[in-house]
Amino acid sequence: MAGTGVFSEILDGDVYKYYHDGEWKKSSSGKTVAIVNPTTRKTQYKVQACTQEEVNKVMESAKSAQKAWAKTPLWKRAELLHKAAAILKEHKAPIAECLIKEIAKPAKDSVTEVVRSGDLVSYTAEEGVRILGEGKFLVSDSFPGNERTKYCLTSKIPLGVVLAIPPFNYPVNLAVSKIGPALIAGNSLVLKPPTQGAVSCLHMVHCFHLAGFPKGLINCVTGKGSEIGDFLTMHPGANCISFTGGDTGISISKKAAMIPLQMELGGKDACIVLEDADLDLVAANIIKGGFSYSGQRCTAIKVVLVMESVADSLVEKVKAKVAKLRVGPPEDDCDITPVVTESSANFIEGLVMDAKEKGATFCQKYKREGNLIWPVLLDNVRPDMRIAWEEPFGPILPVIRINSVEEGIHHCNASNFGLQGCVFTKDINKAVLISDAMETGTVQINSAPARGPDHFPFQGLKDSGIGSQGITNSINMMTKVKTTVINLPCPSYTMGSSGSSIRSRI
Ligand code: G3H
């Protein structure tokens, strides 16, 4: 159970502690932040409201611990990560319980998130050992005007302190996707969890604590974004920021100092359906892609662009599947569960009402109880409706009927987002041409958008992000290249020198 057994030391009364210098601590603020259960809409957990002074101390610890960590052999870093991965998986039940209570993630998906996270950490350890153990060797005579007098050795070095800010929808998985690469590359970590999801994050961090990482290497501060958010992201001690979330990321990128940024800021993933598509396959993917975790995924299908000639048939198939979705509490492993906050539910409702006023066809009756919104497929959506462009992050899916592929591509590319997209057709040549034309970081052919498997590159164009993620890319992003150049007294060509010429030069 959450907060009990090995996790009892992270709890003080009914308030979870923050993690600094290898210890669980109470904030000197004496204040707490409440985490409201999206299903009951009552306070489920409380976390410490850390102060700016505590953030300063955490940054100092991370800085000094990193110096020693960078001198720790790569195989030892990997060994500790493997240990943390095993502990994380061993404790999947209490962590999943937190995900259910904090973010209303369906029970099975909550367990999957923790197991996937353990696998991600193990894979990161293995990948790190491979790619960080290699460097480059360059010689100078390949550049015009040079003899072979310079040997250049390159290696990858850590950046220093990585500030990791994961989002509410994957507070464990999108935290470890930053923590794992940062640590294997020799960096230290300051983690700022989202409010909803903070307690899941704290349990995950305790698994790293139990694995025996050095004091100060991993730190986790909780608190109000309004008090410590900007303070953290503008802190001179941070040498890299890895952020996943909404458009807050855009303002972070404007305020952050001259440090590497990795950002994933959402999407409006389009699903383009051609006339020759397998409509049963499309319908199944629209359900999975549009409605899993109630549409609260950055990679959810957020607009269907279907050719008019097959639109009626597709809409009927999707409608039949929507009717079968189970709506209710996450504890019962329902497909559609309450959205994360009341303000999210209000925002989603605003998009629905706008579409209603402007004449969209409702395939289901709109229904809401508290944060629980029943799934709705909106047909005949037009570009003047907000839902055609905005990201609901809820179980509402618009369908726009198109008369040409170009019209679909145009709509996709007119979005300010460019995360992923998908195209359904049996013609691979058309699929590739459409993929090339879509201005998104990834295009899935004949499947719904998705970030995983977690070692695949994952990136957004335009307002969807900066840089590329996925295990290998994240490790590389959290390192810098260091070079050492050996300057020889005379040109030296392998197998090209005689002993006498060397004797005359040295
Ligand atoms: O919400 C953003 C996540 O990166 C999406 O991940 O495709 O595994 O659901 P997912």
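Phe137, Leu153 and Ile486 form a nonpolar patch on the surface of this predicted model. Together the three residues expose about 270 Å² of accessible area. Such areas come from the Shrake-Rupley method with a 1.4 Å probe, and for residues only the protein chains shown count as cover. A patch takes residues with over 30% relative accessible area and no salt bridge; nonpolar side chains (Val, Leu, Ile, Met, Phe, Trp, Tyr) are joined within 5 Å, like charges within 9 Å. A salt bridge here is a side-chain nitrogen of Lys or Arg within 4 Å of a carboxyl oxygen of Asp or Glu. Ile486 sits in strand β28 (residues 479-487). Helices (H or I, at least four residues) and strands (E, at least two) are DSSP runs, numbered from the N terminus. Ile486 counts as partly exposed because its relative accessibility is 37%. The scale is simple: buried is under 20% relative accessible area, exposed is over 50%, and partly exposed lies in between (1.4 Å probe, protein chains only).

A word on the model itself. It is predicted, so local features need pLDDT of at least 70 and side-chain atom pairs count only at pLDDT 80 or more, while totals for chains, interfaces and linings use all residues. Residues are numbered from 1 along each chain as its sequence is written, and side-chain values use heavy atoms, with hydrogens and water left out.

Now the rings. A search of the whole structure finds six aromatic pairs. One of them joins Tyr16 and Tyr45, edge-to-face, at 5.8 Å centre to centre with 85° between the planes. This pair links distant parts of the chain: Tyr16 is in strand β2 (residues 15-16), Tyr45 is in strand β6, and 29 residues separate them. Tyr16 is buried at 4% relative accessible area. Tyr45 also counts as buried, at 9%. Phe168 and Phe393 form another edge-to-face pair, 6.0 Å between centres and 70° between planes. Here the two partners are 225 residues apart: Phe168 lies in the loop between β9 (161-165) and α5 (173-184), Phe393 in the loop between β19 (376-379) and β20 (396-402). Phe168 is buried at 19%, and Phe393 is buried at 19%. Ring pairs also link Trp69, Phe208 and Phe213 into a cluster. Rings of Phe, Tyr and Trp (its six-membered ring) pair if their centres lie within 6.5 Å; planes under 30 degrees apart are stacked, over 60 edge-to-face, the rest tilted.

Rings also meet charges. The charged end of Lys105 sits over the ring of Tyr293, 5.0 Å from its centre. Lys367 lies over the face of Trp374, 4.1 Å from the ring centre. The test is NZ of Lys or CZ of Arg within 6 Å of the ring centre and within 35 degrees of the ring normal.

Next, the backbone. Most residues other than glycine have a negative phi, and most peptide bonds are trans. Arg41 has a positive phi of about 60°. Its place is the loop between β5 (32-36) and β6 (43-48), and Arg41 is partly exposed at 45% relative accessibility. Ser294 has a positive phi too, near 55°. Ser294 lies in the loop between α9 (279-291) and β15 (301-307), and counts as buried at 0%. A cis peptide bond joins Gly452 and Pro453, with omega about -5°. Pro453 is in the loop between β23 (442-445) and β24 (458-459).
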